[in-house]
Amino acid sequence: MKNIFFKEKKKDNGIKKNLISLFYAIVAALIIRSFLYEPFSIPSGSMYPNLKVGDYLFVSKFSYGFSKHSLPFSIPIIPGRIFSKEPKRGEIVVFKTPEDNRTDYIKRVIGLPGDIIEMKNNLLFINDKQIEIKKINTEKYKSFNVARVSEILPNNLTYEIYEFEKTFEGLNTNNFKKIKIPNDNFFVLGDN
């Protein structure tokens with residue numbers, strides 16, 4: 001009879017230890033995901049050729065500070081942004097727009113607060129200066145002919161993008177007039 005009691009007690013201790021370990025693992029995962037890194041999957045081709053559909057990446061949560069979106073389900077515990085730091089031109093960022101608090105977007109920062117941005121015939125101008133470009137080659141992306149181009153920003157950050165070889169009727173992404181980026185705002189573009 002003593003042996004049965006000892007086995008049951010040992011079994012109960014094992015279950016209790018497993019539950020405690022599971023609790024600590026969940027707490028650790030929530031802390032890591034909320035304050036350090038969050039996994040993302042690329043859902044669209046807007047950042048192609050640098051990020052492809054289905055790519056997985058871990059995004060640093062502390063690079064630009066913390067907000068309510070740093071927490072699971074965007075719980076509004078953090079007012080505004082704390083420990084904030086502005087992104088640099090050319091960095092890839094993940095963000096939510098004020099209009100759509102649920103969807104995560106991933107784009108490249110092109111314009112900083114106070115910048116004047118303009119696009120003329122596929123050429124990007126930042127503060128009235130055309131950024132340097134170098135055509136690499138022509139490729140087929142889906143059913144379109146695209147130019148694979150290397151863009152060099154004023155801070156010497158270089159990355160590759162796709163540009164349509166020709167403008168399609170009703171789809172003119174190659175031109176927009178000068179816009180001044182307001183304070184506390186950034187201008188972002190996809191690489192595709």
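What follows is a chat in questions and answers about this structure.

Visitor: What kind of model is this, and how are things counted?
Guide: This is a predicted model, where local features need pLDDT of at least 70, side-chain atom pairs count only at pLDDT 80 or more, and totals for chains, interfaces and linings use all residues. Residues are numbered from 1 along each chain as its sequence is written, and side-chain values use heavy atoms, with hydrogens and water left out.

Visitor: Where in the chain is confidence highest, and where is it lowest?
Guide: The pLDDT is the predictor's confidence in each residue, from 0 to 100, and its mean over the chain is 82, with 86% of residues reaching 70 or more. Strands (E) are DSSP runs of at least two residues, numbered from the N terminus. Confidence is highest in E9, at 94, and lowest in strand E4 (residues 81–82), at a mean of 72.

Visitor: How many aromatic pairs does a search of the whole structure find?
Guide: Rings of Phe, Tyr and Trp (its six-membered ring) pair if their centres lie within 6.5 Å; planes under 30 degrees apart are stacked, over 60 edge-to-face, and the rest tilted. With that rule, the search of the whole structure gives 4.

Visitor: Which ring does the charged end of Arg 108 sit over?
Guide: Arg 108 lies in strand E6 and is buried, with a relative accessible area of 5%. Its side chain joins that of Asp 191 in a polar contact of 2.8 Å (a pair of N or O atoms within 3.5 Å; within protein, one must be able to donate a hydrogen and the other to accept it, and residues adjacent in sequence count only if both atoms are side-chain atoms). A charge sits over a ring if NZ of Lys or CZ of Arg is within 6 Å of the ring centre and within 35 degrees of the ring normal. For Arg 108, at 4.0 Å from the centre, that ring belongs to Tyr 159.

Visitor: How far apart in space are Ile 106 and Ile 92?
Guide: Ile 106 is in strand E6 too, and at 13% relative accessibility this residue is buried. Contact means heavy atoms within 4.5 Å, and beyond four places in sequence Ile 106 touches residues including Leu 51, Leu 57 and Ile 92. Ile 106 and Ile 92 are 14 residues apart in sequence, but C-alpha to C-alpha they are 6.9 Å apart.

Visitor: Which side chain makes a polar contact with the side chain of Asp 115?
Guide: Asp 115 is found in the loop between E6 and strand E7 (116–120), and is buried at 7%. Its side chain reaches the backbone nitrogen of Leu 112 at 2.8 Å. The side-chain partner, at 3.1 Å, is Asn 127.

Visitor: Which strands stand at the edges of the open sheet of 4 strands?
Guide: Two strands pair if DSSP finds at least two bridges between them, and the sheet has the order E9-E8-E7-E13 with antiparallel pairing. Strand E8 (residues 123–126) pairs with E9 over 2 bridges, and Ile 126 stands opposite Lys 129 in E9. The edge strands each have a single partner, so one side of each is left without a neighbour in the sheet: they are E9 (129–130) and E13 (176–180).

Visitor: Which residue in the turn between E10 and E11 has a positive phi?
Guide: Strands E10 (residues 132–141) and E11 (residues 144–152) pair in the antiparallel sense over 9 bridges. They form a hairpin with 2 residues between them, and the turn residue with a positive phi, about 55 degrees, is Lys 142.

Conventions. Buried < 20%, exposed > 50% of the residue type's maximum accessible area, 1.4 Å probe, protein only.
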